[in-house]
Every structure is written in structure tokens, then in C-alpha cells.
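This report looks at aromatic rings and how they pair. The sequence and structure come first.

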Amino acid sequence: MSSSGDVLYESVNDESHSVDSRAANRVYRNFVTMAILFSANHGCTVACLALATARLGSLGAWQSGVLYITYTASSLLGATYITKQLGSRNAIIAGMGLYCTYVGCFLVATVFQGIASEAALLGAAIGGIGGAFLWTAQGAYFGQAAEDHAECLQQDVKQSTSHLAGIFAFVYLGEEVLLRLLSTALLKTGRLSWSAIFSVYTIVAVVSTIAMLMVYNYQSSNQGNANVFYKVTAAGQLLKSDPKMKYLIGLNATFGLAGAFLNSYVNGEVVRVALNDPDSKFVGGLSALVAIVASVASLGLSRIAQRYGKGVILVGGSLCFLGVAFPFIVQPNASRWGWAGLVIVYSLQGLGRATFESTLKALFADMFSYEKEGAFANIILQNGLFSVIGYVLSFGLVCQEESRYCIRYNDGSLHNVGFFEWLVVVSAILAIVGYCRASALYKQEQLGYSDSSEAELIDNESAVSA
């Protein structure tokens, strides 16, 4: 039975080995359509997430915690199974549908304040599960589209993953910026109530979910001979069985830690002092700068990756994350900071995020093409886990006496910020080392050698025989 997507899009997989530019364009247009609809739904979600604490107070903080817990847990248990069973397109729709529940819970909590807690926490739990489904399935769909695109053009699939990853990141981050700013624009120009604003977000999320039915439905990668336990735990199984995956943990870890450092300490404490901003009115603009820089940079990075490879970009991205924390080791006094320094720091975070949203995901699609669902579930698992660790450390690393790196927060508490800063720096260095090792293993696999010693042995034998 053909899916609804088949009406819009014809499969390009045939036995022809000639370049088919028209078919490649169909793949490209379909992928861009998916990216636009996906990003509209996800943009509404992150816009509401950014408003959680501001609109719901301490309940919003608890809500965000529940969201990340179910998000990380579902990536390890369940997301791969759903994607394999439903297929990537349908799993994306399922995830978007669950995200609608999260966005809608803000509307319910605002209108029916008597059940605000129940609505907010239940919506967050469901939304976190949806997020794991969504990103695992998006990674699988991205990999399938890249393979299709490469086949049409008879080119190395790495060229297609780099190109499509850049396009997706540009659309995704661009829509994120627009939807983050939507609430501010509606409040200032339309004088709408918060219930009306959350209604707009809910409508956009629902409409984009329904429209996703127009996108082509790739055949499920469900392995008939794989047991249910493997399908459910594919992320953990891949982490355990493929040594490349453990060496790539650092890339996800440094993104999660740097983001937590920026959002918790820099947003919450440095900006307030450096810019004399007790009401955090500049935080929104600086946060938007991160997404803007990442969106613009993602297109350029895709071209660089196609020409010079992904390694130079991922190393550069890790150094950008290092640059988010290291300046505060050099100058920990927030009062000595100003606009110029903060713009540089936030821009570095944006450049680093561009590498994460585009190049890193393209790398995972290349290295783990045989297990796309498990690979992208690992991105969620690793990044989510280290994001949680980072947010916990931002408030959990207390100290007893105010000093150069024992910083007094606005609430009067003392925190060992120096340890957190060095943790980000060290994780960035380990990320580079880990990537180099994973890349070496991948090259050995491409050459058909199981390990470096075997490769060296064969080289030595060849040299002797010559």
C-alpha cells in the first residue's frame, strides 16, 4: 500500500546508474519540505521551553527538568524501537504529535490555572518522549534522504550528508529564531494575551504535524530478524558494540556542558553584572544571537565540509566551545566584561552549535549508516545527559569563601565556577582527541581492516615482498 507521501513524491531508487538531476531535485525539495515542517513544530517547542520559567515560575523549572529526564530516558529505551517499527517519517509525525501536547500544556496552564501543575508536568513528560522520537527519526530520515540524493547524483554519500545537513541546520535554526521572537513581537505590536500567544504556538505545531503527511515516506529500516529487546535498546547496544561511538561522546558532551554553562552562569549571573541588567532584558537578544550565528554559519560549514572534510569543522567547533568558558578563566570578574566580549562569547557558542546541528549529525550518518536510529539516539542520550549534568553542576558546585573563582550569585550563594569552566575546557580537548581516534577507526573500516595492528602487519608484509 502506498503512503500519502508517495502521491507527492516518486521513489528514485531504481537500477539505473546514470546521474538523474531531476530525481535529485525531488529528493532535495522533499527534504527541505520536511525540514520546514519539522522546524516549525520544534521551534514552537523551544520557544515555549524558553518561556517556561518566566511564565510558570518555579513550576516551569520543574517542568523543564521533567522534559529533559523523559527525553534522555526515551532515547535509551524506546525511541529506536518506534522509529524502526513505524519508519522514519511516521515516527517524526508521532514525535511532533507528542510535542503538540507539550506546547498545548502552556495554553492549558495559562487558561486553567487550577490545574496548571498537572498540565505542565504531564505535558512535559509526554513532550520529552516525543522529543526522543522526533530527533531519532529525523536522523534516520536524514540518512535515508542523503543516500537517495547521493544515488541520484552518483556521488559519495558524504557529499550529500554534508550538503543536506547544512540545509537542515539553516532552516531549523532560522525558524527557531523567528518563533522565539514571535511572542515578543505579538506582545508589543498586537497586544495579545499570553493565552492567545500560546494558542498561536499550538496551532502552528498542530498544522505542521498534519502537513508532514505530505512528505515522502521512506521504507522502514526495521530488521525482521532483530528481536524486540535489540530494537528497544539499539542506542545502548551501538554504544557497547561499536568502539567509534564511545570516542565520539566528547563531541556531544562539550556541547551539552558549554550550553549549560552559558545558559545558567553567563545568562544568569554575568550578563546581569556586566551589562547592568537586573531584569535580564538583554538575555533574549544574546540568546537569539547564538541561533542567528549558527543558522548563517551552517550553510558555509556544509560547503567547507564537502571540500575539506568534516574533521576540520568538528575540531574547530570544539575549540569554539572551549572559547565559551576559557575567557572566564582568564577574566572571572563579571564587572570587567562588556558588550564586545559577551558578543564574542555568544558568537563562539553559535559557531559551535552550527557544527553540532549540521556537521556532527552528518558525521554520525556517515559512520553509523548501518544503524541510523541507534546512532542518532546516542546523540540525544549523550547530549541530554551532559546537559543535565551541566545544569546540576551550575548550582551544585558550592564553595565556602568568596574568591577569584568562588563567585557569589545574585541570590547570595557561593559557587565554584572555576571547576565548571575547566570542565568545559577539558571536555573540548578530549572531544578533539576522541574524534581523531574515531576517525582513525572509521578509516580502517573503510580500508577493510579490523584494527590498526592488522593494517600494519599487511603493510609490513607488502614491504618485505616488494
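Phe328 is buried, at a relative accessible area of 1%; buried means under 20% relative accessible area, with exposed over 50%, partly exposed in between, a 1.4 Å probe and protein chains only. Phe261 is also buried, and its relative accessibility is 0%.

The two residues, Phe261 and Phe328, form an edge-to-face aromatic pair, 5.8 Å centre to centre with 65 degrees between the planes. Rings of Phe, Tyr and Trp (its six-membered ring) pair if their centres lie within 6.5 Å; planes under 30 degrees apart count as stacked, over 60 as edge-to-face and the rest as tilted. Phe261 lies in helix α12 (residues 249-274) and Phe328 in helix α14 (residues 311-330), so the pair ties together parts 67 residues apart in sequence. Helices (H or I, at least four residues) are DSSP runs numbered from the N terminus.

## Basis of the model

This is a predicted model, in which local features need pLDDT of at least 70, side-chain atom pairs count only at pLDDT 80 or more, and totals for chains, interfaces and linings use all residues. Residues are numbered from 1 along each chain as its sequence is written, and side-chain values use heavy atoms, leaving out hydrogens and water.

## The other pairs

The structure holds 24 aromatic pairs. In one of them, the ring centres of Phe38 and Phe168 are 5.4 Å apart and the planes are at 65 degrees, so this pair is edge-to-face. Phe38 belongs to helix α2 (residues 21-56) and Phe168 to helix α7 (residues 157-190), so parts 130 residues apart in sequence are tied together.

Phe38 is buried at 0% relative accessible area, and Phe168 is buried at 3%. Ring pairs link a cluster that includes Phe38, Phe168, Trp135 and Tyr172.

Definitions and conventions: Helices (H or I, at least four residues) and strands (E, at least two) are DSSP runs, numbered from the N terminus.
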